[in-house]
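Hi,

Have a look at it first, then read on.

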Amino acid sequence: MRRITPLFSILTFVLLSLSVAFAQEQVLRIATASSGQSSFHFNVLVAGADQQNWSTLLFMPPMYFDADLQLQPGIFQSWEGNEDSTVWTFTMDPRAKWSDGSSMTAQQVVDSWQIQIAPVNSVGRINGYLGNVAGFGAAREGAGADDLSVSVSGLEALDDATVRVTLASPDPAFNWRVATAHLSTANAADVLEHGYNEYWKPENDPVFSGPFVLSAFDENLQTAELVPNPNWWRDEGPFLDKVTFQFVPDSQIIGAMVLNDQIDASLAPIPSALRGQVPDYFRPIQVIGFNTFWFSPIAPPTDDINVRRALILSVDWNAVFRATFPFEGTGVPTTQPMDDVLNCWDPALTGYPFDVEAAEAALAASSYGSAENLPKLRVTPRGNNEFNNRALQAAMEFWRQNLGIENIEFQERPDGFGDDIDKLNLTRDDVVIRFPDGATYMFTAGHSDGAVARPGNPLDGYVNEDLDALIDEALTLSPDDPRRCELTRQAQDFYINDYVMAHFGKPIATINARDYVENYIKGPDISLIEPWKISINR
Amino acid sequence: MDSFALQRAESRSLWQDAFRRFRRNGLAVAGLVVIAIFLLMGLIGPWIAPYDFLAQDLFNILKPPTPEHWLGTDELGRDIFSRLLYGARTAALVAFSTTAISLALGILVGTWAGLQGGRVDQFLMWISDQVQAVPGLLLVMLINTALRRPIINWFDRLYEQTRNPFYLNTNWLDFVLVFSALALIAWPGFARLIRGQVLSVSQEDYVLAARALGTTEMQVMLRHVVPNSLGPLVIAVTANMGAAVVLEAGLSFLGLGVQPPNASWGTMLSDSLRLWQSFPHLLIGPAATIGFVQLAFVFLGDGLNDALDPRRVT
Amino acid sequence: MAHYLLVRLLRWASGLVLIVFVTYAMMFYGAGDPVKRMFIDSEEFADADPVIMQILQEKYGLDQPFIVQFRNYVVNLARGDWGNSIRLSVDRPVWEIVKFRLPISMQLGFAATILASLVGIPLGVLAALKHNRWLDRLVVSSVTFVTAIPVFVTAPMLLFFLVLVVDVMDVPYGWNGIFHSDVILPVVVIALGPLPIIVRQARSAVLEVMSQPFVRTARAKGLSERMVIARHMLRPVMTPVVTTLGLQMITLVNGALFVELVFNIPGVGLLTIEGIRTVDYPIIMAVTIIGTLIIFVSNLFVDLIYPLLDPRVRFS
């Protein structure tokens with residue numbers, strides 16, 4: 001016994017000191033990946049893809065929305081629009097500098113945006129952010145396959161600290177539009193020297209503006225490592241010593257790694273069935289623009305509004321909601337296109353009724369007359385997300401039972417339709433907006449120039465002139481003007497009466513991180529907010 | 001009496017012998033029974049299923065087994081047992097049509113090559129070599145990806161021409177896709193086997209004699225080549241059917257097989273992989289079914305092998 | 001010997017031309033344009049812009065007619081340029097990807113082959129020696145049953161059991177070299193694939209040999225069972241087993257496809273799945289060529305080793 005006691009105390013001491021050492025180890029282990037291998041990179045300029053979740057670790061955005069959806073300064077310290085909101089002036093934070101110690105300049109911001117606008121770099125979403133800048137269209141039309149950058153007349157650096165943006169039409173919310181990690185500045189000189197897909201790789205000695213720098217990246221093994229930025233220019237943080245990334249596409253495996261304490265956070269959600277075992281991983285977060293089913297108003301047979309009416313009214317969307325989100329806290333029912341996070345949300349709307357008789361009548365009134373004469377429906381939930389898949393299959397069963405429609409081609413991914421993609425009748429997608437503005441949401445979702453309705457997109461050429469006019473007017477009004485919301489709601493009514501979308505519930509986005517990762521907060525553009533504040537506290 | 005018994009023993013044919021040997025092999029007989037049940041379910045399953053395999057009960061999803069739902073319900077409240085029965089149809093259809101198509105192709109190519117010989121033989125065997133030179137799974141995935149749109153569009157056109165609702169049925173489309181891909185990789189095996197038999201039999205003295213007596217090639221084929229090849233063929237067919245069932249499941253797992261809401265064992269498996277930790281009943285049904293059917297094919301194949309190989313000492 | 005090898009190689013190359021042509025045609029006419037599919041599919045391109053699509057198609061030469069594209073591909077291939085990935089790993093040279101991934105799949109395949117033979121051959125011999133007794137039945141049916149369930153079910157189940165229930169390991173992930181403990185589970189799962197075939201081959205080979213007159217003679221001479229096995233049976237038994245292993249090589253590389261998918265091992269199998277999913281022409285062509293090469297080499301290996309094992313066989 002006498003011999004064992006000192007041994008025991010030594011052991012205890014070792015264990016204690018070990019646990020202290022572990023507690024102090026500030027390493028954040030992340031499993032990335034949602035789609036394919038192609039999404040594992042740290043090119044901030046692509047304005048989307050998986051890396052957008054982590055891009056704020058490496059690059060400071062122009063401005064950003066915090067967790068309460070308040071606009072916060074980033075690289076730009078202040079911003080101001082002119083009288084009619086056609087010219088915006090942004091002033092740089094004088095402290096802003098790159099990880100090599102050099103200052104960031106206004107010209108660098110402009111150069112970085114111009115690289116994003118060059119069509120060969122295929123930044124699809126740039127339209128939604130900078131499409132309204134004067135000279136945007138002309139610059140894209142004139143660009144060739146070799147032009148890594150274009151010159152846009154509406155973007156100019158007045159001096160080292162001031163960016164002036166001239167817009168083609170008034171936009172009182174333009175400051176909101178640029179408040180996203182998608183428009184973070186990369187060093188244009190690096191991009192032009194090493195190439196658009198290469199400049200950020202450690203072997204090219206890249207510079208960053210965020211709290212961390214990329215210290216290792218292995219394309220083959222699909223791992224990466226971030227360490228603190230030696231020239232971090234904000235007063236606070238960073239607190240983490242290291243951030244590690246591992247590409248893990250299978251959500252089942254991610255689940256096992258979480259349960260086995262191999263990772264602290266992931267991009268993809270883990271199977272919702274694990275909710276009971278790691279409830280903290282499923283803490284809800286606010287995101288805008290949830291999954292929606294769109295009915296193409298162009299492709300037969302859904303080009304007939306009566307067919308769309310029949311398809312929507314014949315489904316008990318409440319039951320679909322229940323089946324789609326069987327676990328408590330996975331989804332919330334919705335009653336209208338606009339999200340309740342948005343400023344123009346209308347609490348009085350109730351959504352489409354479940355009315356089989358009306359649906360049958362609509363189908364009979366359509367130019368096809370009956371289910372037998374209805375051409376094939378082509379549908380896709382776009383990916384293998386469990387919620388979307390369930391919802392679509394549930395809706396298909398309602399169509400079969402209530403309308404007798406069985407002639408449906410289901411493909412999990414839209415590219416399964418190949419060249420028949422133009423004939424797609426129903427697809428699932430998000431309304432990609434990154435700030436909580438109803439007018440912008442309705443523009444993106446329904447305006448004929450918006451991302452959803454433009455040809456080649458889910459609503460593929462949908463035009464409602466009344467809706468367009470209302471939104472065009474609303475967007476020129478100040479966000480504080482109550483008429484902006486009024487017009488937006490009227491536009492939404494037109495949208496609802498066109499029966500182009502099914503809305504029944506939105507999945508509650510989850511944080512996908514353990515609770516001991518403190519200050520791990522995602523913003524409305526799903527990138528981390530203020531990542532320099534993140535710390536590990538077990 | 002004694003002489004009678006002796007006579008009977010002598011007149012026992014190869015097949016009677018084989019059948020005797022086969023019957024003595026308990027596992028093989030069990031395998032045959034399981035496969036018979038599987039095929040029967042594929043044939044009549046949808047009619048004896050307690051529920052419509054598509055019918056959803058959105059108020060009763062993910063329920064473990066109960067007296068109403070023997071194997072529980074899936075993530076859309078569909079009866080798993082009924083879906084398994086329907087999946088048996090998918091599997092049986094895939095196994096049968098794949099084997100039938102590849103067998104037909106194989107016999108055609110094999111006999112043609114064997115009888116013609118020379119350049120034709122060389123060319124045909126070169127083609128079948130090339131099919132076998134590409135890894136099977138890769139080839140199936142390639143063919144499936146490449147054929148999907150053309151076949152679907154072909155069906156669409158057929159419907160427009162004929163207005164026959166059969167062509168509207170997307171279920172058949174998926175099946176056609178899967179088994180055309182599987183059949184396209186399986187035929188060279190059969191072709192080789194048949195060709196080998198044709199070559200070896202046609203060198204036999206009695207065949208040469210028959211030819212000299214003016215028997216046509218067709219008759220030679222039917223009388224001598226086919227009966228002699230039957231043993232190895234039966235074994236190859238069994239193996240091919242078993243492999244087709246598993247390959248279909250693999251394709252469905254990769255998202256290239258039968259599309260929802262159709263039921264196949266493979267899609268049932270891959271759908272349940274998201275939820276099996278909390279709802280193991282989703283996985284057990286299809287996994288055990290595939291396992292047992294597969295096992296049955298293996299035992300049946302072994303049994304046939306033993307029974308049809310007269311050299312085997314047992 | 002050199003002549004033999006040369007003829008084999010030439011024959012393979014002539015077939016390869018056909019395979020490459022047919023594969024390219026299947027992609028072009030059946031699967032469609034990868035850039036177009038990228039725009040249809042990808043969330044990043046939710047806001048599809050025809051200007052961008054056109055520029056990308058030009059960049060990869062996808063706007064050219066089939067015969068021009070195919071000719072360009074073959075000419076570049078002859079120069080040793082396998083092309084750049086279009087969608088999967090944007091603009092990365094395919095050869096660079098393959099160079100990294102092929103050795104990983106090969107190492108896994110070899111490790112699994114060795115494991116499968118070390119376990120399978122003794123089990124097969126054991127089953128044959130206890131022919132038609134309960135041990136024989138047990139060995140054959142248990143080996144068969146384990147592998148009757150698809151590997152994409154057994155792999156995650158084994159993983160969850162070992163990691164979360166008995167807690168003897170971490171989730172193996174990615175690639176840390178063939179001697180890292182992470183490869184144990186993937187190798188075991190891959191080895192399960194050919195195991196029943198090896199067991200059965202070994203078993204029937206032993207049964208076959210035991211019925212041969214020389215074994216009976218040896219027994220009659222009073223040699224012990226062990227001596228009979230060691231002296232007379234090992235070589236004849238090895239012949240069919242080695243053949244099977246050679247033919248199973250491709251099953252290993254191919255069957256590893258599901259295992260690589262589950263454990264995200266960056267091998268050729270995963271590359272195949274992702275390449276086909278994204279219809280990335282240069283990657284699909286590369287994995288096809290590699291696949292045929294592996295089959296060719298393993299067939300050649302069997303043919304070369306056969307005469308060593310069985311002196312009655314000569315090269316022809």
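How much area is buried between chain C and chain B, and what share of it do carbon and sulfur atoms give? About 3600 Å², with carbon and sulfur atoms giving 79%. Buried area here is the accessible area (1.4 Å probe) that two parts lose on being put together, summed over both.

Some housekeeping before the rest. This is a predicted model, so local features need pLDDT of at least 70 and side-chain atom pairs count only at pLDDT 80 or more, while totals for chains, interfaces and linings use all residues. Residues are numbered from 1 along each chain as its sequence is written, chains are lettered from A and ligands numbered from 1 in the order in which they are written, and side-chain values use heavy atoms, with hydrogens and water left out.

**Chain C with chain B**

The contact (heavy atoms within 4.5 Å) takes 44 residues from chain C and 39 residues from chain B. There are 0 salt bridges across it, a salt bridge being a side-chain nitrogen of Lys or Arg within 4 Å of a carboxyl oxygen of Asp or Glu. The rule also finds 0 residue pairs in polar contact there (both at pLDDT 80 or more). Polar contact means a pair of N or O atoms within 3.5 Å; within protein, one must be able to donate a hydrogen and the other to accept it, and residues adjacent in sequence count only if both atoms are side-chain atoms.

On the chain C side, α1(C) gives the largest share, 11 residues. Helices (H or I, at least four residues) and strands (E, at least two) are DSSP runs, numbered from the N terminus. By class, this side of chain C divides into 26 nonpolar, 14 polar and 4 charged residues. Ala, Val, Leu, Ile, Met, Phe, Trp, Tyr, Cys and Pro count as nonpolar, Asp, Glu, Lys and Arg as charged, and the others, Gly among them, as polar.

**Chain A with chain C**

Here 50 residues of chain A touch 40 residues of chain C. The two chains bury about 4200 Å² between them, 49% of it on carbon and sulfur atoms. The rule gives 3 salt bridges; one of them joins C:R87 to A:D415, with the closest N and O atoms 3.7 Å apart. There are also 7 residue pairs in polar contact (both at pLDDT 80 or more). On the chain A side, elements giving two or more residues include β10 (242-247) and β16 (426-429), but the largest share, 5 residues, comes from α8(A). That side has 17 nonpolar, 21 polar and 12 charged residues.

**Inside chain A**

Both of those strands also have partners within the chain. β10(A) pairs with β1(A) in the parallel sense over 6 bridges, where pairing needs at least two DSSP bridges, and A:L28 stands opposite A:V243. β1(A) also pairs with β11(A), parallel over 2 bridges, with A:I30 and A:A265 as bridge partners.

β16(A) sits in an open, mixed sheet of 5 strands, ordered β15-β14-β16-β12-β17, with β15 and β17 as the edge strands. β14(A) and β16(A) run parallel over 2 bridges, and A:T380 has A:T427 as its bridge partner.

Cheers
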